Number of protein chains: 2
Amino acid sequence: MEAIDLRHHLNTLSVSRAPSPLKDIMSYMAIDGMVSLAGGLPHPSLFPFVDLEANVYSSNVDLHSITSRELIHLTIRKDDRNDGQVLDLSTSLQYSSCTGLPWLLNYTRELTRTVFRPAYKNFEVLLNEGSTAAWNKVVNLLCEMGDFIFVEKQTYPSAQALWIPMGCHGVPIEMDAEGMRSDALENALCTWDSDHPGVKRSHVLYTVPTGHNPTGCTMSARRKQEIYALCVKYDIIIVEDDPYYFLQFDEYNIKAEKQNSHAFAPSYDESTFLSSLEHTFLSFDTEGRVIRLDTFSKTLAPGNRVGWFTCNPVFSERLLRATEVVSQAPSGWSQAILSELLRSWGISGYLKWLSGLKREYAVRRNWICDIIGETFDVKTGTSDEGLVVYGKGTKVRLFSFVPPRAGMFLWCKLYLEENKEFLALKAQAGDVDPEAAFEKKLWRELAHEKVLLTPGSYYTPWQGKEKSSIASSGREHGVIFFRMAFSMTTANDMTLGIQRMARVLCRSWGLA
Amino acid sequence: MEAIDLRHHLNTLSVSRAPSPLKDIMSYMAIDGMVSLAGGLPHPSLFPFVDLEANVYSSNVDLHSITSRELIHLTIRKDDRNDGQVLDLSTSLQYSSCTGLPWLLNYTRELTRTVFRPAYKNFEVLLNEGSTAAWNKVVNLLCEMGDFIFVEKQTYPSAQALWIPMGCHGVPIEMDAEGMRSDALENALCTWDSDHPGVKRSHVLYTVPTGHNPTGCTMSARRKQEIYALCVKYDIIIVEDDPYYFLQFDEYNIKAEKQNSHAFAPSYDESTFLSSLEHTFLSFDTEGRVIRLDTFSKTLAPGNRVGWFTCNPVFSERLLRATEVVSQAPSGWSQAILSELLRSWGISGYLKWLSGLKREYAVRRNWICDIIGETFDVKTGTSDEGLVVYGKGTKVRLFSFVPPRAGMFLWCKLYLEENKEFLALKAQAGDVDPEAAFEKKLWRELAHEKVLLTPGSYYTPWQGKEKSSIASSGREHGVIFFRMAFSMTTANDMTLGIQRMARVLCRSWGLA
């Protein structure tokens with residue numbers, strides 16, 4: 001199956017880009033015996049870099065007892081007379097193809113084929129400088145000024161900070177424990193013309209399907225199929241921004257023994273690991289209407305600034321044209337080091353590394369859930385509530401959260417109906433937003449107690465000034481949200497942080 | 001002296017960018033004893049990189065007899081408990097400030113202060129991912145769709161490939177041997193309203209002042225002062241794209257002994273080197289209306305993808321807002337390696353390296369000029385012609401070029417008045433462009449003879465479809481141009497290339 005023609009989704013800017021005239025010259029450069037006085041390249045003998053060596057973990061590493069036997073030594077040299085067969089610094093530090101270095105590009109293609117399994121044949125991959133840069137290129141590929149974009153009910157602030165100044169609007173779609181709700185999307189599509197008279201229907205859907213930022217939610221395969229079918233029916237491009245894809249965990253079990261022991265590392269089996277991963281949107285994409293964004297930021301290190309697009313050939317060609325004038329290729333150092341690391345690991349080694357990595361983040365997920373369980377009274381609620389958290393020894397419901405099955409985030413929904421301070425604010429609020437005022441106040445109290453969370457309002461999709469208050473935006477009344485990241489803290493600091501949070505909540509709810 | 005308020009130059013997009021709400025949180029993170037559950041960062045203990053070592057040249061290196069004693073060994077380790085004082089992989093591979101790593105940012109600031117000498121006090125520097133990325137950010141800072149941009153009469157194709165799809169137009173300004181002509185710029189400004197009825201006057205001037213691409217021309221200090229004064233009078237922002245700044249050579253002396261000997265390396269003196277460099281636009285910039293683009297691409301290696309802006313604080317703050325959503329920081333590998341290299345060299349070491357580097361490119365400049373002198377008959381022409389080149393043993397003028405005093409390029413102006421093929425094309429041309437047709441034909445003949453040059457038409461500023469032919473654009477009739485890069489070729493290959501070129505020209509001009 002091949003991608004269908006979707007070029008009508010390209011925006012004016014993107015359609016107007018011309019291929020570089022230098023392309024014509026490039027094809028001639030490969031001719032044997034050609035003397036090129038065409039390329040304005042610095043001479044690699046004049047790069048002051050001789051060689052590079054790095055010690056990296058083997059893909060078999062036990063992250064809790066690293067010995068030198070588990071290190072791999074990488075070496076990259078400069079060879080001015082390199083024939084291009086071996087990666088060297090003359091090549092990787094020179095101007096190079098905006099697609100990315102051939103070996104690394106091919107590796108990402110194979111990884112994509114093996115793991116994400118596009119449902120059509122002629123998909124293309126193209127390197128980029130990480131998903132921030134990638135999303136900028138995608139918005140400038142598809143969106144006109146003032147466009148509307150479907151997003152999850154809570155969305156990643158930096159993604160929308162890009163399109164807000166373009167006069168674009170988010171169209172928030174309700175979520176539940178399985179991610180974006182397909183019935184809500186269908187409803188938004190059916191009622192578009194009456195809800196948005198005179199406005200062109202949104203043709204782009206942005207989603208973080210795995211370990212969603214901020215809600216931690218992971219979209220089920222069934223949900224992806226339903227949403228994909230709607231996107232076919234209504235001709236929508238899906239942008240699958242999936243940095244946390246490989247950090248997928250088992251269910252959190254509140255009744256289990258304390259789960260912070262590393263003693264039990266299950267034996268690794270590649271096909272078991274692969275089949276434990278959710279289906280991607282790409283795996284249902286028979287038409288080429290998904291642009292998938294992958295990155296090494298969460299799995300190897302953010303400082304690499306290397307990720308890749310997977311999409312249909314028409315889009316990838318236009319993304320390449322943009323890349324030529326917007327950024328050129330990712331850093332040669334990053335590409336060289338990643339190439340050598342991944343060459344030594346292979347696809348199988350990288351998958352093994354990922355299965356170890358996800359265990360580490362699962363341990364951190366367990367820590368934070370366990371600590372909340374110890375600090376508060378916790379009961380199992382509905383599937384959308386997840387765990388409901390009460391003041392210790394009280395029946396006062398403070399917040400709830402769904403223990404995440406992927407990613408780095410815990411999303412707390414705070415219930416304000418029993419908080420007198422909030423009720424007082426609400427009574428005197430008039431036309432202002434009592435939830436927003438209370439969130440701000442509580443955040444300051446937490447910071448004063450020396451624990452930092454991220455206010456939920458940061459993740460509210462921008463629908464324009466007239467829809468920015470809680471009432472006008474249609475958000476739920478009497479609740480606020482905080483995001484907690486469990487990726488970066490030690491168990492001790494987590495305990496300290498959650499205890500401080502408990503003190504602030506008890507005081508605010510009058511339970512102290 | 002401080003920058004004046006130039007915020008009225010910002011475009012709608014740029015004015016509309018909001019600071020990230022996460023800024024508020026950042027300031028709290030530094031508080032002693034704070035537990036942060038706010039940042040969604042991967043844990044550096046889970047980066048698979050242990051350490052990095054690199055051998056690099058010392059700044060004293062003699063590039064013609066490199067011994068191991070002239071290598072410096074750089075080491076960067078991962079230290080999870082780093083207090084931020086030493087650069088390590090935990091910091092440089094983590095998400096980091098979009099301004100760039102503090103040490104490297106400070107280094108570029110000091111280099112800018114020492115060498116480029118801004119004429120106002122409160123200038124700011126900001127790292128970027130090289131000048132392609134920088135120019136994208138500048139155009140999206142200042143230009144609206146459909147804007148006009150002042151450019152040199154020949155301009156860098158990738159720079160305009162960015163703005164052509166935005167519906168922008170170039171306004172080409174005549175050049176002479178001293179660079180863009182100030183009288184031509186003044187004339188374009190005075191007659192703007194009659195020449196462009198109803199069109200907003202261009203408020204952005206893009207220039208490559210040193211070793212201009214493609215003409216190889218270097219703008220004199222006097223010319224910069226005149227142009228700066230006009231830009232003050234007419235309120236224009238100057239974008240000084242100066243990648244070849246440090247590759248400034250002595251005059252080429254056609255009568256000198258063959259200059260390809262490396263035996264004579266003059267003793268190095270820093271202040272002599274610094275005073276040999278042309279004044280920058282920045283050094284005349286009392287108001288903060290210059291945005292200067294610097295890069296390590298030509299001086300250390302393109303693959304670094306690191307450069308920096310120097311500009312007024314209002315522009316740098318808006319560029320930083322854009323950077324947060326368009327790219328984030330440059331590669332952590334690039335920043336770490338550059339930091340360690342430049343730390344070991346210091347400012348003085350880098351300047352010494354640059355003085356050695358420019359000598360290498362000067363030798364290459366001499367090679368190509370010498371070889372042309374041997375292959376053709378060459379006479380000194382007017383200052384705008386430079387050297388005039390005749391078929392060997394004939395009086396047939398083939399081309400002329402001004403031996404470049406900087407950069408990597410030789411710009412050949414071919415005179416077609418004695419070429420019968422061209423005259424025949426012209427006679428039959430009707431409304432088509434005989435110069436364009438002849439350039440294409442000649443380029444193919446050169447490529448067939450296995451020598452590649454870059455066709456001059458690639459550098460024609462885009463003035464819209466209606467002004468794309470030679471007649472409508474006001475370009476000179478009866479001449480075409482080719483660009484030759486002398487940076488990347490050996491002396492032997494240059495000889496081979498120029499001899500092949502001579503064969504093709506002689507055949508085409510009927511001299512064979």
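Visitor: What does the side chain of A:Asp176 reach?
Guide: The backbone nitrogen of A:Glu178, at 2.8 Å. Keep in mind that this is a predicted model, where local features need pLDDT of at least 70, side-chain atom pairs count only at pLDDT 80 or more, and totals for chains, interfaces and linings use all residues. Residues are numbered from 1 along each chain as its sequence is written, chains are lettered from A and ligands numbered from 1 in the order in which they are written, and side-chain values use heavy atoms, with hydrogens and water left out.

Visitor: Is A:Asp176 buried or exposed?
Guide: A:Asp176 counts as buried because its relative accessibility is 18%. Buried means under 20% relative accessible area, exposed over 50%, partly exposed in between (1.4 Å probe, protein chains only).

Visitor: And which residues does A:Asp176 touch?
Guide: A:Arg181, A:Cys217, A:Arg223 and A:Asp384, leaving out residues up to four places away in sequence. Contact means heavy atoms within 4.5 Å.

Visitor: New topic. How many residues of chain A are in contact with chain B?
Guide: 104, and they meet 104 residues of chain B.

Visitor: How many salt bridges between chain A and chain B?
Guide: The count is 0. A salt bridge needs a side-chain nitrogen of Lys or Arg within 4 Å of a carboxyl oxygen of Asp or Glu.

Visitor: So how do the residues on that side of chain A divide?
Guide: Into 62 nonpolar, 25 polar and 17 charged. Ala, Val, Leu, Ile, Met, Phe, Trp, Tyr, Cys and Pro count as nonpolar; Asp, Glu, Lys and Arg as charged; the others, Gly among them, as polar.

How values were computed
A polar contact is a pair of N or O atoms within 3.5 Å; within protein, one must be able to donate a hydrogen and the other to accept it, and residues adjacent in sequence count only if both atoms are side-chain atoms.
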